[in-house]
Amino acid sequence: MTTTNEIADKIATEHSLTKAQGKAIVEAVISSITDAAVAGNETSLPGFGKFKVKETPEREARNPATGATIKVAAAKKLAFTPAKALKDALNK
């Protein structure tokens, strides 16, 4: 697993920045993606993929412990679709 701190350290090392500057860059990117998602916008990172908000409708489900039917409220989720370059890199 890679953490945000590890990504920040790599950015800092590769670009001769401090760890704090690297962390600020990573947090700014994540914040920008989050802000776009909250606004309902798609974020595209060429060569990496797209983050898109998808809406799930209300549905019925069953509680596995009791078997009772419950309603699951409609919700929004953030979906990621990898770019072709990323798919190709994963499947080498």
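Modeller: Helices (H or I, at least four residues) and strands (E, at least two) are DSSP runs, numbered from the N terminus. Residues are numbered from 1 along each chain as its sequence is written. The model is predicted, with local features requiring pLDDT of at least 70 and side-chain atom pairs counted only at pLDDT 80 or more, while totals for chains, interfaces and linings use all residues; side-chain values use heavy atoms, leaving out hydrogens and water.

The sheet is open and has three strands in the order 1-2-5, paired antiparallel; two strands count as paired if DSSP finds at least two bridges between them. Because strand 1 and strand 5 stand at the edges, each with a single partner strand, one side of each has no neighbour in the sheet. From one strand to the next, the twist averages 25°; here axes are lines fitted to C-alpha atoms, for helices over the stretch in contact, and angles run from 0 to 180 degrees between N-to-C directions.

Helix 2 packs on this sheet, where it touches strand 1, strand 2 and strand 5, and its direction makes about 145° with that of strand 1. Contact here means heavy atoms within 4.5 Å.

Strand 1 (residues 43-45) and strand 2 (residues 49-56) are joined by three bridges. Threonine 43 has phenylalanine 51 in strand 2 as its bridge partner. The hairpin of these two strands has three residues between them, and glycine 47 takes a positive phi near 85° there.

Lysine 50 stands opposite threonine 81 in strand 5, and glutamate 55 has lysine 76 of strand 5 as its bridge partner.

Serine 16 has a positive phi of about 50° although it is not a glycine. Most residues other than glycine have a negative phi. Serine 16 is exposed, at 70% relative accessible area (buried is under 20%, exposed over 50%, partly exposed in between, with a 1.4 Å probe and protein chains only).

Leucine 17 lies in the loop between helix 1 and helix 2 and is partly exposed, at 31% relative accessibility.
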